[in-house]
Amino acid sequence: MKAIICLALALTLGLVGSPSLPSALAQDSQTINLPLPDRTGGAPLNEALNKRRSLRNFQATPLPLEQISQILWSAFGVNREAGKLRVIPTAHNRQDLLIFAAMANGVWLYEGEKNQLSLKLAGDFTTEFGGAPLTLVYAAPIRDGVIGGVHVGLAAQGVGLYCASAGLANLMKTTGVDILAGKLPLPVGYKIVVVHSIGQPAGNY
Ligand SMILES: Cc1cc2nc3c(=O)[nH]c(=O)nc-3n(C[C@H](O)[C@H](O)[C@H](O)COP(=O)(O)O)c2cc1C
């Protein structure tokens, strides 16, 4: 009897059910709710700046969703809920940068204001992106001249510093911009500016 009461209590509190179901699978297949990013910790800024570098060889091992969330938050996440303001500044607060995450399970748009990923293209492009399990594809409007590129640079530097802090390899490439050109649902006037591959380093950091 006592056991039945305990089970009923646990069910009521949501302690029993599918506790091992990864959050990525708990969604419909078109969206992934990202774990909340950690807004504290990491390496001190000067240490991360000192360690920042491009590393060109990646392990194919997928990154955990917590780390994917942290990487995307470093790029373009919300750091002030009031006004949905971001970790990077944008001209006139346009926030019109688009960041896609290309992984083995497709190409996903980062929606930082909802802390979620939204599937935009099926297919595994990780081989085309040099074997990295995650490649960020930055797209920006070109009508502004260089401003879109400035926004991409700001976002990419946040990622580079997070990677230095976490011991991850990262490499930005302009040579990879054609891989998904014409395949992503970009607004009129947008273009892919640069791609940014990330993964555990193959070899020493
Ligand atoms: C906008 C941009 C585009 C880049 N494009 C390429 C590229 O197409 N191919 C490549 O191998 N490296 C590319 N890189 C990486 C640079 O070669 C690298 O940052 C540079 O050699 C300095 O090395 P470090 O990042 O370790 O300081 C690019 C870097 C940036 C910032």
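Which residue in β6 is the bridge partner of asparagine 33? I looked this up and found glutamine 116.

**Basis.** I worked on a predicted model, in which local features need pLDDT of at least 70, side-chain atom pairs count only at pLDDT 80 or more, and totals for chains, interfaces and linings use all residues. I numbered residues from 1 along each chain as its sequence is written. I took helices (H or I, at least four residues) and strands (E, at least two) as DSSP runs numbered from the N terminus. I counted two strands as paired if DSSP finds at least two bridges between them.

**Sheet.** I traced an open sheet of 7 strands in the order β1-β6-β5-β4-β7-β9-β8, with antiparallel pairing. I noted β1 and β8 (169-173) as the edge strands, each of which pairs on one side only. Neighbouring strands are turned by 25 degrees against each other on average, direction ignored; axes here are lines fitted to C-alpha atoms, for helices over the stretch in contact, and angles run from 0 to 180 degrees between N-to-C directions.

I then recorded helix α3 (residues 65-76), which packs on the sheet and touches β4 (98-103), β5, β7 (134-141) and β9. The direction of α3 makes about 155 degrees with that of β4. Contact means C-beta atoms, placed from the backbone, within 7 Å.

**Strand pairs.** I found 3 bridges between β1 (residues 31-33) and β6 (residues 116-121), in the antiparallel sense. Strand β5 (residues 106-111) pairs with β6 over 5 bridges, also antiparallel.

**Core.** I listed 47 residues in the largest nonpolar core, with Leu72, Ile99 and Val159 among those with the most contacts inside it. Such a core is a set of buried Ala, Val, Leu, Ile, Met, Phe, Trp, Tyr and Cys residues joined through C-beta atoms within 7 Å; buried means 20 or more other C-beta atoms within 10 Å of a residue's own, C-beta atoms being placed from the backbone. Helix α4 (147-166) gives the most to this core, with 8 residues. I found valine 159 touching, among others, Ile71, Leu136 and His196, not counting residues up to four places away in sequence.

Notes: Two residues are in contact if their C-beta atoms, placed from the backbone, lie within 7 Å. A residue is buried if 20 or more other C-beta atoms lie within 10 Å of its own, exposed if 12 or fewer, and partly exposed in between; C-beta atoms are placed from the backbone.
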